[in-house]
Amino acid sequence: MDNSTCSSEQEDAANRCRWFRINWKWCKMGSSSLGINIRLNPVVSLVSALIIWGFVAWCIIEPEKAHSEMSVWKKWITATFTWMYIGTQDAWAVFIIVLYFSKYGKMKLGKPDEKPEFKDATYFTMLFAAGIGIGLFYFGVAEPVWHYAPGENGNRYLGRYNDNQRAQDSINLTLFHWGIHGWIVYVVVGLLLAFVGYRQGLPMTMRSCMYPLIGDKIYGCMGDAIDIISVVCTMFGVCTSLGLGVMQLNAGVHRLKSVFIMMLVFFFDAPWHTLNLLVQSTGYYMQTIVQLGFHTDAFAQLGNAPDGKEAPEWMDSWTIFYWGWWIAWSPFVGMFIAKISRGRTIRQFINATLTAPVAFSILWFSVFGGAGLKMERNAALANITCNSTLGGKDAVESMDGLFRLSCRDNTDMWFDVMNQYEGMGSFLSVLSLIGIVLYFVTSSDSGSLVIDCLSANGDPKPPVLQRVFWALTEGATATALLYAGGDKALTALQTVSIASGVPYTIMLCFMCVALWRAVKVEAGDLDPNGPHFTTGLLDVLSTPNFESVSKVCISIFAPWYSMGIAAGMIEKRNGRMWTHMLIMALPFYACTAALVVGYLGYFSAEICYVGWTLLLGFFAYATGIRNSIRDKHEINGNVAEDFFAVSLLYPFAAYQMEHHMKNYKSTKRTDGNNIRNGDCLPESCCIPLGEMEKLMDPDARNTNV
């Protein structure tokens with residue numbers, strides 16, 4: 001199938017979404033037409049704009065309160081969700097490794113006979129243009145120095161090693177934040193988006209990623225909700241980069257110009273030292289990647305180390321911020337990588353996205369981070385302190401080319417290092433400034449285009465007027481964050497990345513399930529028309545009726561009733577359902593009571609922990625019921641899906657289980673043979689024509705979870 005055919009499929013699929021179109025042509029000027037041209041999804045665009053502009057208004061009207069609240073959010077998310085941020089990154093990495101070595105690694109992102117659109121050299125160069133460009137300038141020198149000399153707050157290595165080991169650990173932590181764990185989120189999003197876009201003809205928008213799980217529901221409210229979350233998440237991720245860029249510009253292109261700067265610094269500094277550091281850092285990174293990947297600062301966050309060698313807030317300011325930032329950028333970068341990866345195999349895609357960018361990051365931080373650490377150590381030997389007139393915190397001139405970087409503002413560190421090279425310092429600073437400006441403009445332009453595509457159902461070329469609106473929205477959001485943050489603007493930028501990354505972390509987990517299911521269906525290892533629940537988990541939202549809505553509402557307060565009916569019918573019709581109801585009702589209401597009295601302060605706060613423990617017991621029992629239904633009727637899925645369905649959407653899961661057990665019709669004869677075409681069950685004498693057409697059509701897939 002050629003590209004035009006696939007594009008036609010994507011356009012037909014996109015037309016099933018909601019649209020608002022205006023095309024008023026007033027006059028023509030040469031070959032161009034003047035007028036108003038609008039093509040967008042009204043629900044996604046309006047709701048996303050209201051959320052974002054509401055946030056902007058809050059930051060502008062009440063900046064102090066906004067900053068205070070965001071600081072509280074940041075600390076709460078770190079204290080509550082560190083395990084999730086750290087654990088999911090590792091889980092996604094393991095999933096991609098399994099996919100890489102599986103038989104599905106040979107599958108193409110496109111039709112079997114398609115060739116890659118770009119040659120390998122061009123493809124690798126384009127991957128260099130992805131990622132978080134401005135961050136390389138902002139953190140290139142500053143992050144290794146921060147980890148080397150973390151100040152009074154310290155980090156996990158402070159006071160435990162000699163200076164040489166401390167320097168290496170600072171580089172190693174930086175590479176961890178910019179290495180495989182960061183890029184893995186782009187791999188998941190980009191790979192799934194390219195797979196469903198080029199193999200199944202779905203529009204290039206985030207709702208399409210959920211098609212393997214919810215099927216045609218992506219064209220309704222559920223798809224709109226997915227794109228709304230994606231738009232808001234991407235907006236805050238892009239604004240974090242724009243905010244960092246503004247802060248860097250106040251202190252003082254493409255990736256090829258960055259390489260030029262990097263090579264100049266490499267040769268002007270100490271090339272043999274840099275090469276030693278490059279080799280050594282690569283080895284340290286490969287050796288410690290598993291340990292760092294699972295490290296959550298579990299003891300440090302308690303803040304009760306008798307020797308005081310701990311940094312309770314370090315994880316909050318660094319790893320959690322980075323993971324939130326990378327995740328917030330995943331729709332943006334994932335869509336870009338998907339667009340340029342057509343015709344490549346899954347294995348080629350993973351190879352490229354986890355080698356070229358990561359290798360570039362290692363080289364970048366070895367050069368600039370190494371140069372910064374060398375200046376910091378030489379300044380210490382020269383007795384330069386924060387109070388020194390030359391090279392100190394507020395100094396405008398260096399002492400023999402040296403600044404005490406650990407005392408300097410983070411936005412000054414990059415230019416301090418550039419200016420140490422006599423005769424070339426001004427040139428490198430100007431070149432760096434040009435690079436930052438170009439990255440800033442490119443990030444804003446590309447970010448507004450991606451957000452516009454998401455709000456227009458994946459339209460690859462949305463009208464310019466919409467793009468201008470989203471670009472202005474980006475600028476307003478970044479300005480509001482910097483205004484609310486004041487002298488601690490970085491905290492505000494970190495907070496929105498961390499906060500927006502939380503819901504998308506959950507979505508990325510579902511994307512892994514969707515990708516695995518998609519490749520199995522395409523390989524013929526999973527029958528999409530095989531046994532399934534009689535109603536989808538969220539069918540109540542897409543096709544509501546009085547019975548379904550009322551039962552879901554009842555299940556909010558009494559989920560044990562519907563679940564108990566289903567459990568009883570697993571054994572036999574109207575089996576021991578009251579026993580099951582009692583077993584579930586006791587922990588559910590005990591949990592509710594414990595949480596209420598605990599949070600209202602009528603009892604010790606520890607009673608809440610008892611409540612959460614009872615709730616987990618309820619979820620475990622309900623998971624067992626849903627999994628038993630799967631086993632009994634051979635429904636596709638696994639116990640992990642059952643647990644997430646029950647724990648996150650228990651009222652819907654309760655209704656689904658009861659509905660299935662009451663309405664399920666076996667597709668096997670009593671003699672054990674499958675029903676042949678033309679046969680019928682005792683309960684039915686015919687198959688409706690519409691259902692027969694679905695059975696005959698391989699594209700009519702029922703993918704209820």
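**Exercises on helix length and helix packing**

**Exercise 1.** In this predicted model, work out what span helix α18 (residues 425-455) should have at 1.5 Å a residue, and compare that with the distance between its end C-alpha atoms.

*Solution.* Helix α18 holds 31 residues, which at 1.5 Å a residue should span 45 Å. The end C-alpha atoms of α18 are 44 Å apart, which agrees with that expectation.

**Exercise 2.** Describe how helix α7 (residues 163-178) packs against helix α12 (residues 271-294).

*Solution.* Begin with the geometry: the two axes lie 9 Å apart, and the helices pack at an angle of about 65°. Because angles of 65 to 115 degrees count as roughly perpendicular, α7 is roughly perpendicular to α12. The crossing of α7 and α12 is right-handed. Turning to the residues, the contact includes Ile 171 and Phe 176 from α7, together with Tyr 284 and Leu 292 from α12. Sorted by class, the residues of this contact comprise eight nonpolar, seven polar and no charged.

**Exercise 3.** Describe the crossing of helix α3 (residues 63-101) with helix α8 (residues 180-198).

*Solution.* The axes of α3 and α8 come within 9 Å and cross at roughly 55°, and the two helices are therefore oblique to each other. The crossing of α3 and α8 is left-handed. Among the residues that make the contact are Asp 90 and Trp 92 of α3, and His 181 and Val 188 of α8. By class, the contact of α3 with α8 has nine nonpolar, two polar and one charged residues.

Note on methods:
Residues numbered from 1 in each chain as written. Predicted model: local features only at pLDDT ≥ 70, side-chain atom pairs only at ≥ 80, totals over all residues. Heavy atoms only, no water. Axes fitted to C-alpha atoms, helices over the stretch in contact; angles between N-to-C directions. Helix = DSSP H or I, 4+ residues; strand = E, 2+ residues; numbered from the N terminus. Parallel < 35°, antiparallel > 145°, perpendicular 65-115°, else oblique. Left-handed = near helix turned anticlockwise from the far one by under 90°. Contact = heavy atoms within 4.5 Å. Nonpolar A, V, L, I, M, F, W, Y, C, P; charged D, E, K, R; others polar. Expected span 1.5 Å × (residues − 1).
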